[in-house]
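Visitor: I would like to learn how to read charged pairs and strand pairing in a model. Could we go through them one at a time?

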Amino acid sequence: MKTAYRHLLIVLFFIGNLFVCVAQPSQSDELPIFDLSKNYGVEKIKLQDLADIEYVPLETSDDILLSGYACLSAVSDKYILTYEPQRGDIYLFDRHTGKLVSHFNHRGGSGQEYAVIQNGVLLDEDAGEIYVCAQYIQVYSLTGEYKRTLKISGFKTDMKIINFDANSLLVYEDVIVDPYVKAKTKDKPYYFVSKKDGSTISTLNICLPKRYSKTIIQTNGNMYRPLKYYYSENYYYGKNILIMDISSDTLYLLSQSKNLKPILSRTPSVHDSDPRTIWMPNLMTDNYLLFGKLTLDFTKTGSKIPTYMYNFKTGEAKEVSIIDTEYDSRGRGGWTPPVGIAIEKNYAAGWIEASDMIEAKNKGRLLGNGNEVAKNLTEDDNQVVRILKFK
């Protein structure tokens with residue numbers, strides 16, 4: 001009997017290990033399915049018919065000059081957060097007036113400083129904190145006073161850090177393409193870490209046994225270099241997070257209660273083609289989802305990325321070409337919203353160059369408060385933040 005019991009335990013041990021990572025079910029019997037292989041035809045839609053427009057000009061002076069590499073990170077009820085990845089400047093502007101609230105630069109080599117900002121800058125308005133994601137995560141007050149360092153284990157450039165709730169950040173680890181350590185790629189790449197000390201709180205229950213990368217390695221003898229498609233797989237939907245992972249056939253919405261809800265599935269499967277045909281999020285509103293389709297063929301460049309619209313209420317699916325009538329005078333379409341910007345749901349935001357606004361004003365194309373803002377601009381002014389409120 002003891003031998004039989006021992007054998008049973010061994011069998012159960014191996015069965016348990018076989019199911020350590022089980023792919024998330026597509027729930028295709030319950031979820032709506034989007035067919036990426038179907039030819040939907042292209043419908044032209046004006047961006048200005050989808051959203052109301054607001055412009056916020058950012059203060060410009062000799063001490064407040066943004067480069068062409070400046071990143072827009074967050075638009076909250078009170079603030080607009082921007083940063084310079086290479087220079088290390090952090091700028092916080094007033095959301096309504098565009099006036100500077102604070103500016104700091106702690107680039108350096110001490111324990112309270114950072115080098116190149118590799119993984120973005122996050123705003124926690126409620127706590128009055130800014131998270132600078134460089135080699136480690138340095139936490140500062142809104143005016144730049146050092147508060148603490150989060151030394152996340154294994155912090156590297158292929159991590160994505162997302163502000164989640166009052167207590168935690170959501171970390172996403174991409175596929176490791178370095179041939180020497182690629183075996184360390186995780187099949188559960190999403191997990192929560194503490195905002196207090198960087199310790200791991202829990203792992204998100206998305207298991208991806210087969211993972212694909214938007215980066216490949218080109219080798220030349222002992223030398224190698226990465227080739228990469230740049231886009232985000234995760235999208236802020238207010239305080240919730242949309243997860244459209246390259247290696248999954250299911251689109252998830254992660255709520256503040258950490259409930260992971262599948263909301264859409266795709267066919268054909270990402271696993272069924274080589275090179276892989278993937279989907280990537282552009283915009284989610286209460287009414288519809290915009291996303292792109294891309295074939296990861298690194299032998300081709302410059303291919304057009306089609307945009308699809310899925311209506312949550314009607315189930316209607318179509319391919320769209322979104323025309324920005326303020327800045328696309330030829331009606332060619334192709335507008336896609338900047339991703340990775342923390343903003344309340346049903347909103348999007350992006351940069352508009354001052355010179356482009358002035359030209360659009362002169363041609364009578366601006367909407368919202370555009371003309372009022374543009375009449376006070378010069379071509380050397382900082383970029384203007386255009387905020388879109390989707391209907």
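Visitor: With which residue does Glu233 form a salt bridge?

Guide: Side chains of opposite charge can pair when their charged atoms come close. A salt bridge here is a side-chain nitrogen of Lys or Arg within 4 Å of a carboxyl oxygen of Asp or Glu. Glu233 forms one with Lys214, and their closest N and O atoms are 2.7 Å apart. The two lie 19 residues apart, Glu233 in the loop between β17 (223–228) and β18, and Lys214 in the loop between β15 (200–203) and β16 (215–220). Strands are DSSP runs (E, at least two residues), numbered from the N terminus.

This is a predicted model, in which local features need pLDDT of at least 70 and side-chain atom pairs count only at pLDDT 80 or more, while totals for chains, interfaces and linings use all residues. Residues are numbered from 1 along each chain as its sequence is written, and side-chain values use heavy atoms, with hydrogens and water left out.

Visitor: Are Glu233 and Lys214 buried or exposed?

Guide: Both Glu233 and Lys214 are buried, where buried means under 20% relative accessible area, exposed over 50%, and partly exposed in between (1.4 Å probe, protein chains only).

Visitor: In what order do the five strands of the open sheet stand?

Guide: Strands of a sheet pair through backbone hydrogen bonds, either parallel or antiparallel. Two strands count as paired if DSSP finds at least two bridges between them. The order is β1-β21-β20-β19-β18, with mixed pairing, and the edge strands are β1 (33–35) and β18 (234–237). β1 runs parallel to β21 (residues 260–267), joined by three bridges, and Asp35 has Thr267 as its bridge partner in β21.

How values were computed. Helix = DSSP H or I, 4+ residues; strand = E, 2+ residues; numbered from the N terminus.
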